[in-house]
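Thanks for coming. I have one structure to go through, so please look at the sequence and the model on the screen.

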Amino acid sequence: MKGRNMTRWRDPAKDPRQEPKSHLITAEGAERLRGILDHLSRVKRPALSAKVGEAAALGDRSENADYTYNKKELNRVIARIRYLTKRLDELTVVDRLPADTGKVYFGAFVTLEDEEGEEMAIRIVGHDEIDPAKRWISVDSPLARALLGKPLDEEVTVAAPGGVTTYVITEIAYRDPQA
């Protein structure tokens, strides 16, 4: 049987998607998730409920595209609210600086230099805060795992899809969560 719902079988023991994700988040990341949850609960869901009610009042629902679309959108919003509520309950907010700010830990802004002298600035954040445009990487990523606990001027070797790369940590900075 072939079709779009068929997926490749993956061994659960070796599937990277099955690895447990850390439950860490920065204070600003948690605040952003709470803001999204608040917006969905107080603004979006009531508006969609009203649209579904209006469309349902028009009569035949089987041929009512407005009803069908808004009902699907409402279900999507409800699922997102449920997910965010559950996720916020299991997250641990990191709202203080580490004891040793001379080493790389969660929430650090790190500047790396590769073998060719190219600099790259990243930030180590939780799984829910990843932003490739800002170069915010997950604490669970191979690069972040290699960096954790390393001091300034330390060499770090990371296995990447393009091959093994060596970086030197040239700068470590933290943003005070209390500020």
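Predicted model: local features only at pLDDT ≥ 70, side-chain atom pairs only at ≥ 80, totals over all residues.

Leaving out residues up to four places away in sequence, Ser138 touches Val125, His127, Ile130 and Ala144. The side chain of Ser138 also reaches the backbone nitrogen of Asp140, at 3.0 Å.

Next, Gly126. This glycine lies in the loop between strand S4, residues 119-125, and S5. Its relative accessibility is 0%, so Gly126 is buried as well. Which residues does Gly126 touch, if we do not count those up to four places away in sequence? They are Leu24 and Phe106. As for distances, Gly126 and Val104 are 22 residues apart in sequence, and their C-alpha atoms are 14 Å apart in space.

Now a residue at the other end of the accessibility scale. Pro20 is in the segment before strand S1, which is residues 24-26. With a relative accessibility of 71%, over the 50% cut-off, Pro20 counts as exposed.

Let me step back to the whole protein. How many helices and strands are there? The protein has 3 helices and 7 strands. In sequence order the pattern reads β-α-α-β-β-β-β-α-β-β. The radius of gyration is 22 Å, whereas the globule rule gives 16 Å for 179 residues; the value is well over the rule, so the protein is more spread out than a compact globule. The C-alpha trace spans about 70 × 50 × 30 Å along its principal axes.

On burial, 32% of the 179 residues count as buried. The accessible surface comes to about 12,000 Å², and carbon and sulfur atoms hold 51% of that. Of the contacts with a separation of 6 or more, 57% are between residues 24 or more positions apart.

Last, the charges. There are 29 positive and 30 negative side chains. The centres of those two sets lie 10 Å apart.

That is what I have; I will take questions now.

Notes:
Residues numbered from 1 in each chain as written. Heavy atoms only, no water. Helix = DSSP H or I, 4+ residues; strand = E, 2+ residues; numbered from the N terminus. Rg over C-alpha atoms; globule rule 2.2 N^0.38 Å. Buried < 20%, exposed > 50% of the residue type's maximum accessible area, 1.4 Å probe, protein only. Contact = heavy atoms within 4.5 Å. Areas by Shrake-Rupley, 256 points an atom, 1.4 Å probe, with all protein chains shown as cover. Lys, Arg positive; Asp, Glu negative; His and termini not counted. Charge placed at Lys NZ, Arg CZ, Asp CG, Glu CD. Polar contact = N/O pair within 3.5 Å; in protein donor to acceptor, adjacent residues only side chain to side chain.
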